[in-house]
Each structure stands twice: as C-alpha cells, then as structure tokens.
Amino acid sequence: MKITAFLPYNGYEHTSQTVKELNSCSLVSEIVLLTTQENISPVNGCELIKIDNLFSTKTVKLISEKTFTDYALLLTQDNQLEFGQFGLERFYSVAEDTGAGLVYSDYYEIKDGNRSNYPVIDYQAGSLRDDFHFGYVLFYKTDALKEAAGRMETSYDFAGIYDLRLKVSQSFQLFRVPEYLYFTTESDTRKSGQKLFDYVDPKNRAVQIEMEQAVTQHLKDIDAFLSPDYKEIDLSAGKFEVEASVIIPVKNRVNTIADAISSVLNQKTDFKYNLIIVDNYSDDGTTEKIKSIAATDSKVIHVTPKRKDLGIGGCWNEAAHHEMCGKFSVQLDSDDLYSDENTLQKIVDAFRKDKCAMVIGSYQMTNFDLEQIPPGIIDHKEWTPDNGKNNALRINGLGAPRAFYTPVLRENKIPNVSYGEDYALGLAISREYQIGRIYEPLYMCRRWEGNSDAALDIQKQNAHNTYKDRVRTIELIARQRKNANV
C-alpha cells in the first residue's frame, strides 16, 4: 500500500481522466474525491466524501484519518491535471530517498492552449508567507501528515492546509523536485501586478486573521516569537538642519517625476523640510526635469551618486547619510504622489506622538490617471501593536509610505537591491523598535505598464520571492538568537 490520492471534485468530466491516470499507476491504492456539493455523482471506483472546505482543518484531519498508505497525494485545484512520464513514480522515489515530509515539483502550465514551463522555488525556513506556491500536487509522507495533524489544536476554516505545512516543516524537510512532473491548466490569467495585492484585499480579511493565528503559533513553536516590547526612542538625538526629508530614488521616470516632486513641494507643515532626489544616472530626460525644478526651489536637493552599482536600497543609503538629510526620512516613489498637502505633517505628528522608529501609512491604488482601481485602499490592518512584528514574517510587504527616524535608519544599512529592500529594513527595525501606523490613505500608488512589477515573467517573480524568503530566513534566525540571548 503506497499512495492514497485526494482530489477536489465538482463533477467535471476532467476528473474522470485524472482518476483513470491515477489508476494506471500501480503505486496508487485508493482515490478519494472531496466535494463541497450536495447530490453529486461519484466517479467509478472512488470514495466520495463531503467536506466543508478543501483548506480547512477539518479536511486536513479527515485526510489524515483516511490515509492508511505510506503517502497521501493531495491535488489543490479542480483543474485538468496530467502527470508526465513516470511523474507520480518520481514523486514517490524522491520521497523515499529523502524522507521528506512534503515533496512538490515544477510543472507545465497550460494557458489559453499554450504550454509553458512553471518552475517553483525551494522552500526555506523563511518561506512563511501563506501564498508560497508549491504548485498543485502535494505529496505528503503519511507519518509527517499524521504527526502534524495530531498537533492541530485550532480549527481553521481557511488556514488548515497552511497550518499543516508549517507544522510539517517543524519536523520534516519540504523538498522541491526541480523537474516538470505534471501538466495543469491555469484559470487565473491575471498579470503579476494584478495578483500582487491579493493578500491585503479587504474581502480576504477573515482569511488573513486565520493565517496570522497559524503563523503566530508556528513562531512560538520554533522560538522565534517576539513579545510586544520595544526599545525607547529619544527624538532629541542628533542635530539636523530640517525636521524631515522626503527621499525619492529615481531612474528614468520622465513621465512621473514632476508630479511626484510637485506633491512634495505642495506640503504644508509647521516645520522645515526638504526633498532629496537621488538620480541614479537617468538618460531619458528625468535628470533635466529635476535640474529645472531644483533651480527654482531650494528645498530640492538633486544628488547624483558617485557609485554606479546602486539599486533602490543603495540610493536610499546615499540620501539617509547625506549631510542635509532631516531627522525623519520619508519615502516617496518616483511613480507616485502624496494624497494631499497634509501628508508630511501627519507622518511627523505620528513620530512625535508614538516615539517610534518607523511609521508606515496607507495608500490608494490608482491607474496612471489617478482613478481608483481594485483593491482600492491598502491599509495593512493586519499590523497590530501587539503582534504586528510577528505577522510581518508572513506577509510580503509592510505598506507605504514608509518613514524612518534617521538616526535608526543610519544604524540599519539598507540592502543595496531594488526589490524587497524596504521589507528587509522594516523587519530588522521591528525586531527592536515600535513601528507606528497611519490607517488613512496618504499616498496614491499608480499602477501602469511602466511599473517594475506590472507584468513579471515567472523567473523574475521567483527571484523576487526567493529574495524575500531569504530576508525572512535571516530575520527568523536573528529572532531565535535574540530569544536565546545569543
């Protein structure tokens, strides 16, 4: 007895073909169809079981109870699926050879009738985001499945599979096979930039709450949970010419940079501020636009770094360590603009009130013409004073606009990369210091074809996700060492 296969089932014809293929493999002992529907006809030779939700804790426990074989195969979508040559046998042999608790693989994606490669990425300790993509075939070692399911004390409606994965990872390896072992159709044809904010869509709030509960327990289990205590900030430290500096790193944004600058210069404050623009060798007319504005307004400081190897993080370092940088360093992307003339004042007021090292606001998604687009306002309400810094290890970003108490920013050098540098910095700061939040939109985030993440290919998406997972791994280890007083 080798494998019990579990398939989500909605009565579609393609399930019969998947069942036929599974039955052709001598390793498969039993096939169980999981359905949320009433009065549905089963496929011949399969057991049909009614479930509440494929991703619930009840379903996970049911799968565990129904598995009497060495392995449990779970398909996570009801789409047409076909294994490659000896693909299922390969899952089995790798699981046998490695002893992994979960084996997953790359796959071929069929979209609009065309086949393309869909590589996934290796799992690491910091792969804590609940949207980590394993593909659609999860091959569990039964011992790992039952051990983890037996420790599931909280019953989740949505976070059961996530909780299972976290618990399995505590005792077993999660192993990726870098081979294309199956084919599947893809029903979500949105571009990467459209999918990017699914995790903070307000309609998914109930799901996010459960995911936070699951990851918080996981962090406690592995001694990486941080209690809500913080180092105090002395806002009188250091001498600064101005109270705040808005920082804009830019390269080749001739169509948007003037709007960004204007939104800064229109700010009304009870303190002195300036604008530091780090122009990373633009060659499309951006430099000339900045120079023409700087010539008419002394608030604008136009910086061209000496180094030519800087990403966005490196440009931020240039600005933060500039002699004219203010006590508070406030972010603005060259694509975007502040929502009104009071944004900078609100951010500085938050620093003064909460004595925090970092402040993060909320923003509104718009198109290039500043018309609101889904999902609308991104407020990151998953950040709470008592658990925000733990939940930050689950989500893929902390929000915007971001602002920093400059003495702390200068202590925490920003990674010299152009993706995830702000997230890495925010995690490191949250380990020791309080992060303040402003839940009203301060920022208009433009989504347009020129955005760097508007339509990324899978290789670039994987590179970005691998980097953020590595950042989380570093932070996870740092927090474990902090808790161990190392």
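Modeller: Strand β8, residues 137-141, is mostly covered, since 4 of its 5 residues are buried. Buried means a relative accessible area under 20%, exposed means over 50%, and partly exposed is in between, with a 1.4 Å probe and protein chains only. Helices (H or I, at least four residues) and strands (E, at least two) are DSSP runs, numbered from the N terminus. The model is predicted, so local features need pLDDT of at least 70 and side-chain atom pairs count only at pLDDT 80 or more, while totals for chains, interfaces and linings use all residues. Residues are numbered from 1 along each chain as its sequence is written, and side-chain values use heavy atoms, with hydrogens and water left out.

Next come the partners of the strand. β8 pairs with strand β4, residues 71-75, in the antiparallel sense over 5 bridges. Two strands count as paired if DSSP finds at least two bridges between them. Within this pairing, Tyr71 has Lys141 of β8 as its bridge partner. β8 also pairs with strand β6, residues 102-111, again in the antiparallel sense, over 2 bridges. Here Leu102 is bridged to Tyr140 of β8. In a regular strand the side chains alternate between the two faces of the sheet.

Strand β6 also holds Lys111. Lys111 is partly exposed, at a relative accessible area of 24%. Thr184 is 73 residues away from Lys111 along the chain, and the C-alpha atoms of the two are separated by 8.8 Å.

Now to the helices. Two packed helices are described by the angle between their axes and the distance between the axes. Helix α4, residues 142-150, packs against helix α5, residues 160-171, at an angle of about 115°, and their axes are 9 Å apart. The axes are lines fitted to C-alpha atoms, for helices over the stretch in contact, and the angles run from 0 to 180 degrees between N-to-C directions. α4 and α5 are therefore roughly perpendicular to each other. Angles under 35 degrees count as roughly parallel, over 145 as roughly antiparallel, 65 to 115 as roughly perpendicular and the rest as oblique. The crossing of α4 and α5 is right-handed. A crossing is right-handed if the near helix is turned clockwise from the far one by less than a right angle, and left-handed if anticlockwise.

On the α4 side, Ala144, Leu145, Glu147, Ala148 and Ala149 meet Leu164, Lys167, Val168 and Ser171 of α5. Sorted by class, this contact has 6 nonpolar, 1 polar and 2 charged residues. Contact means heavy atoms within 4.5 Å. Ala, Val, Leu, Ile, Met, Phe, Trp, Tyr, Cys and Pro count as nonpolar, Asp, Glu, Lys and Arg as charged, and the others, Gly among them, as polar.

Helix α5 has a further partner in α7, and the two pack at an angle of about 10° with their axes 9 Å apart. That makes α5 roughly parallel to α7. Tyr162, Asp163, Leu166, Ser169 and Gln170 of α5 meet Met211, Ala214, Val215, His218 and Asp221 of α7. By class, the contact of α5 with α7 has 5 nonpolar, 3 polar and 2 charged residues.

The loop between α7 (205-221) and β10 (244-250) contains Asp223. Asp223 has a positive phi of about 60° although it is not a glycine. Asp223 is exposed, with a relative accessible area of 53%. Asn252 lies in the loop between β10 and α8 (257-265). Asn252 is not a glycine either, yet has a positive phi of about 55°. At 25% relative accessibility, Asn252 counts as partly exposed. Most residues other than glycine have a negative phi, and most peptide bonds are trans.

The bond from Pro374 to Pro375 is cis, with omega near 5°, and Pro375 lies in strand β16, residues 372-378. A cis peptide bond also joins Ala400 and Pro401, with omega about -5°. Pro401 is in the loop between α12 (388-391) and β17 (402-405).
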